[in-house]
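Keep the viewer open as you read.

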Amino acid sequence: MLTRKQLDLLEFIHKRVQRDGVPPSFDEMKEALDLRSKSGIHRLITALEERGFIRRLAHRARAIEIVKLPDAMEKKGFSPRVIEGDRADRPREALPVASVDAMELPVMGRIAAGTPIEAISEVSHTVAVPGSMLGGSGQHYALEVKGDSMIDAGINDGDVVVIREQTTAENGDIVVALVEGHEATLKRFRRRGDMIALEAANTAYETRMLRSDQVKVQGRLVGLIRSY
């Protein structure tokens, strides 16, 4: 049984696919359903996939398979088909910026990979991230890296890192750490007795040793986006 919003989204995607040959963008879905944020669209898409009405195709950009429709929509006529946005007869620039095979994450600002900077809390813009990059369930967000202390881990100044929200970490994880409640930094996490080591991946920077009550894990690195 679908909720009203789930049904509305499924019908909207189906109509746009039939008309244009590609799914609508997240912005178009949000506007069509009169939602205030794209996170609501993410939840609806996940619910439709879990209920077997749609299937997102891994490793195929801009592709979704509509598996079935509710009885009320079936009566209008429907046959499952795979819709691919990268069709040769459709100009690339006319494709939607986002599709159901990608997630748009909020970019919360800049995170220090060097000397810690003030904690980030404001959304500056969004970035499209492949669904396969997101590590399991839970909320995700993105941050722009400032500094070079993690370059030996392949993280450069200006990169965008994808973070899964969580408050725990295993030794060796690269995390967003909130230091003393007001400084945020991207470092490798290690627990040493009652102390927390925040390790840089650059020999020019020293490891910071802090009491466990001085450090709060706010997320773990699950992906990285780089522009050339």
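## A hairpin to start with

β9 and β10 make a hairpin with 3 residues between them, and E180 in that turn has a positive phi of about 55°. Helices and strands here are DSSP runs, numbered from the N terminus: H or I over at least four residues for helices, E over at least two for strands. Pairing of two strands means that DSSP finds at least two bridges between them.

This is a predicted model, where local features need pLDDT of at least 70 and side-chain atom pairs count only at pLDDT 80 or more, while totals for chains, interfaces and linings use all residues. Residues are numbered from 1 along each chain as its sequence is written, and side-chain values use heavy atoms, with hydrogens and water left out.

## Following the strands

One of the pairings puts I174 across from R188 in β10. R188 also has a bridge partner in β11, namely E199. β10 and β11 (residues 195-199) pair in the antiparallel sense over 5 bridges. They form a hairpin too, with 2 residues between them, and G193 in the turn has a positive phi of about 65°.

β13 has partners of its own. It pairs with β9 in the antiparallel sense over 5 bridges, with V215 in β13 as the bridge partner of V179. β8 and β13 also run antiparallel, joined by 5 bridges, and there I163 stands opposite L221.

## Loops and buried spots around the strands

Q166 is in the loop between β8 (160-164) and β9 (174-179). Is Q166 buried or exposed? Its relative accessible area is 17%, so Q166 is buried; the cut-offs are under 20% for buried, over 50% for exposed and partly exposed in between, with a 1.4 Å probe and protein chains only. A polar atom of the Q166 side chain lies 2.7 Å from the backbone oxygen of T168. Leaving aside neighbours within four places in sequence, Q166 is in contact (heavy atoms within 4.5 Å) with V217, Q218, G219 and R220.

Q214 sits in another loop, the one between β12 (208-211) and β13 (215-225). At 13% relative accessibility, Q214 counts as buried. Its contacts, again leaving aside neighbours within four places in sequence, are L178, V179 and E180, and E180 is the turn residue of the β9-β10 hairpin. A184 belongs to β10 and counts as buried at 3% relative accessibility.

## V145

V145 is in β7 (residues 140-146), and at 0% relative accessibility it counts as buried. Which residues does V145 contact, leaving aside neighbours within four places in sequence? They are R110, I111, A113, I155, N156, D157, G158, D159, V161 and L186. R110 is 35 residues away along the chain, yet the two C-alpha atoms are separated by 5.7 Å.

Take a look at α3 (residues 38-50): at 1.5 Å a residue, its 13 residues should span 18 Å, and its end C-alpha atoms are 19 Å apart, which agrees. The expected span is 1.5 Å times one less than the number of residues. The buried residues of α3 are K38, G40, I41, H42, L44, I45, A47 and L48. G52 follows α3, with a positive phi near 85°.

## The whole chain

The protein has 4 helices and 13 strands. Of its 228 residues, 46% count as buried. Among contacts between residues at least 6 apart in sequence, 58% join residues at least 24 apart.

Notes
A polar contact is a pair of N or O atoms within 3.5 Å; within protein, one must be able to donate a hydrogen and the other to accept it, and residues adjacent in sequence count only if both atoms are side-chain atoms.
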